[in-house]
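Please examine the sequence and the structure shown here, and then follow the account of how their parts pack together.

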Amino acid sequence: MDRRTFLKIGAGVVATTAMGPLPQLVSCLHAKDTKASAKNKWGMVIDVAKCVEGCSVCMDACRKENNVSASNYWIRLATIKPKVPNAKPQPIPLLCNHCDDPFCVKVCLVKASFKRKDGIVLIDEHRCIGCRYCMIVCPYKSRSFVFKHYEETTNPDSPKRQHGVVEKCDFCVSRIDKGLMPACVEACPNKAMAFGNLNDPNSEVAKLIATGKAQRIRPDLGSKPKVYYLGL
Amino acid sequence: MKTYFTKIEGKSSGFYILLGILGVLAAAGLYSAYLMFAKGHYLTGMNNHVPWGLPIIITIYLIGLSAGSLVLSSLSSVFGKTEYKGFSRIAVYLAALLLVGALLSLGLDLGRPERIMLAFFYLNPQSIFSWNGFLYSSYILICIVYLWAMFKEKEKLVKIIGTLAVVWAVGVHSGTGGIFGFTSGRELYHSPLTPPSFVAAALSSGTGLTIILLVLTFKATRRFLDPQLIVGLSRLLVSFILVVLYFLAVENLTRIYSPASSEATHFLLFSGNVYCLIFWVGLIFIGSIVPAIILFIKKSVSWIVFSSALVVFGVLCERFIIVIPGQVLPSELFPGYEVSSPFMDGAMGSYFISPLEIIQAVGVLAIVGLLYILGLKFFAFLPEKK
């Protein structure tokens, strides 16, 4: 083989590899039409005083709604305890904070992570290349990687979770677009979670935040989270 | 004095045996990458708490290694040290190859490698990773033009492209460091010093690898190698080692002094875990101090090759220390609180490299080696025998 043939074969291999993902690419170009309106800015207020240790209703409802596998969490019930003697443990649900200035959207090299006009942070699972940089930068550990193709579908309206991409809480965006509440909010037996439009001063969430008692997790990091907590 | 270049014959049994071994390793690596692609990343040691593992370590390692070859080629083409001209072609070729290996390792690590072309269609100007995709691919292009100019003996163009390549290399290594340094949520990643210290580590490991490969290649093809040239490179190497040590000292002293990050730094340096071992024994002692002392005392080629190997090993340890402990350490969601959850909030993550990841990493290295020896056969990279 002389040099010329070697180069020709090389160029052929490179060109063929480059053409491979083309059909997929074309289908991706139309991925982002949404029903979002900039009039809304969805947010959540969680009263942890109403939260019960050992309860898993919100987690179960989320799994069922979104076909999430057992190893991944879109919402999880953590327990926090101040590092002082005789402190009482406090259960607290953790989920994606749908930050207004999200690190994950900033770093995504293909813009698969994006923020809708109404503030919901989503992942385009048909565009995500699975590099996991967003998982590295998310300070809230809100993201999981789908390590294994997950066949079980408890909700046929929600997509099957394909392996190789990153997933996380989407505030049950398809339910919101139908005018429903997120599954966890609806399922909570103690009504600990409130969900609504932060832009509307008459909404329940806006009123709860106006009391001045709602706190966010690590707002000092500067990502402007939109999930608030009462009773911390 | 004019330097003439030639191809190697590549017909000896040794050549074919090497070709065969590298080919088998490469095939095994690609097969394990296929398994990960077809079945999922649960086959690796990575998990939701440590989502980046060996492939990322190998990626940033190979990117760094490519720096040394570029330094070597610039010695003759940019800084006018004509005695190094005989190395210049093979050095540029090696720089491009190592970058190709890095991109391969990165690409095979993706959950959806078939979508890699999307990275070129949807550039995100806010993402340092997106910038790096541009920097890496343009760097390979620059190396190709650089080589072409050398083959055509266009001295002036060689000097211009050589200078551009050096500037680009600083961008490539700083950008790679930025992937970690710009991460504000992780205490062991977030540092403005990461980009320059990546440049330093790249220069030391790269120079080390280049010395080893030059000596091996010249010996295997029975060419004469002036020991004085290797001694000259070893002087560069020892100064690069000292710069790496300086950056490590500054970075860790700053971290441990500030109460906000001292706990994380204690975890990395003094808590007696495997990371402390890799840091102190692998990186500092075996990878830096021992080779620096040898290089100060001994001036023979074999001692220089030995210490170069130690440096190359040391920087591999450094890359491990950069990628893994920063993820293992849980992010502090509630300062002043103990946290626990079914998703391991507040708990240490763990990462054990899976055999499949090792096979893939070896496969990537084998592909680089394969392209290296094939390049010697098809292109006039090496100086003529005297």
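The model is a predicted one. Chain A contains eight helices and nine strands. Of its 232 residues, 43% are buried. Among the contacts in chain A with a separation of 6 or more, 62% join residues 24 or more positions apart.

The contact between the chains draws on 51 residues from chain A and 40 residues from chain B. On the side of chain A that touches chain B, at least two residues each come from α1 (3-19), α2 (22-28), β2 (75-82), α4 (103-107), α5 (133-137) and β6 (144-145) of chain A. The strand β2(A) gives the most to this side, with seven residues. By class, the residues of this side of chain A comprise 31 nonpolar, nine polar and eleven charged.

Attention now turns to helix packing within chain B. Two packed helices are described by the angle between their axes and the distance between the axes. For helix α7 (residues 194-220) and helix α8 (residues 227-257) of chain B, the angle is about 150 degrees and the axes lie 8 Å apart. Because angles over 145 degrees count as roughly antiparallel, α7(B) is roughly antiparallel to α8(B). Their crossing is left-handed. Residues of α7(B) in this contact include Ala200(B), Leu203(B), Thr207(B) and Ile211(B), and those of α8(B) include Leu233(B), Leu237(B), Phe240(B) and Val244(B). In total, the contact of α7(B) with α8(B) has 15 nonpolar residues, five polar and one charged.

Helix α7(B) also meets helix α2 (residues 54-77) of chain B, where the axes come within 6 Å and cross at roughly 70 degrees. That angle makes α2(B) roughly perpendicular to α7(B). The crossing of α2(B) and α7(B) is right-handed. Among the residues that make the contact are Gly64(B), Ala67(B), Gly68(B) and Val71(B) of α2(B), together with Ala202(B), Ser205(B), Gly206(B) and Leu209(B) of α7(B). The contact of α2(B) with α7(B) comprises nine nonpolar, nine polar and no charged residues.

Which residues are buried in helix α9 (residues 259-269) of chain B? They are Ala264(B), Thr265(B) and Leu268(B). Seen down the axis of α9(B), these buried residues fall within an arc of 100 degrees, so they line one face of the helix. An α-helix has 3.6 residues a turn, so residues three or four places apart point the same way. The buried residues of α9(B) pack against α8, α10 (274-297) and α12 (325-328) of chain B.

How values were computed. Residues numbered from 1 in each chain as written. Chains lettered and ligands numbered in written order. Predicted model: local features only at pLDDT ≥ 70, side-chain atom pairs only at ≥ 80, totals over all residues. Axes fitted to C-alpha atoms, helices over the stretch in contact; angles between N-to-C directions. Helix = DSSP H or I, 4+ residues; strand = E, 2+ residues; numbered from the N terminus. Parallel < 35°, antiparallel > 145°, perpendicular 65-115°, else oblique. Left-handed = near helix turned anticlockwise from the far one by under 90°. Contact = placed C-beta atoms within 7 Å. Nonpolar A, V, L, I, M, F, W, Y, C, P; charged D, E, K, R; others polar. Buried ≥ 20, exposed ≤ 12 C-beta atoms within 10 Å, placed from the backbone. Arc of directions from axis to C-beta.
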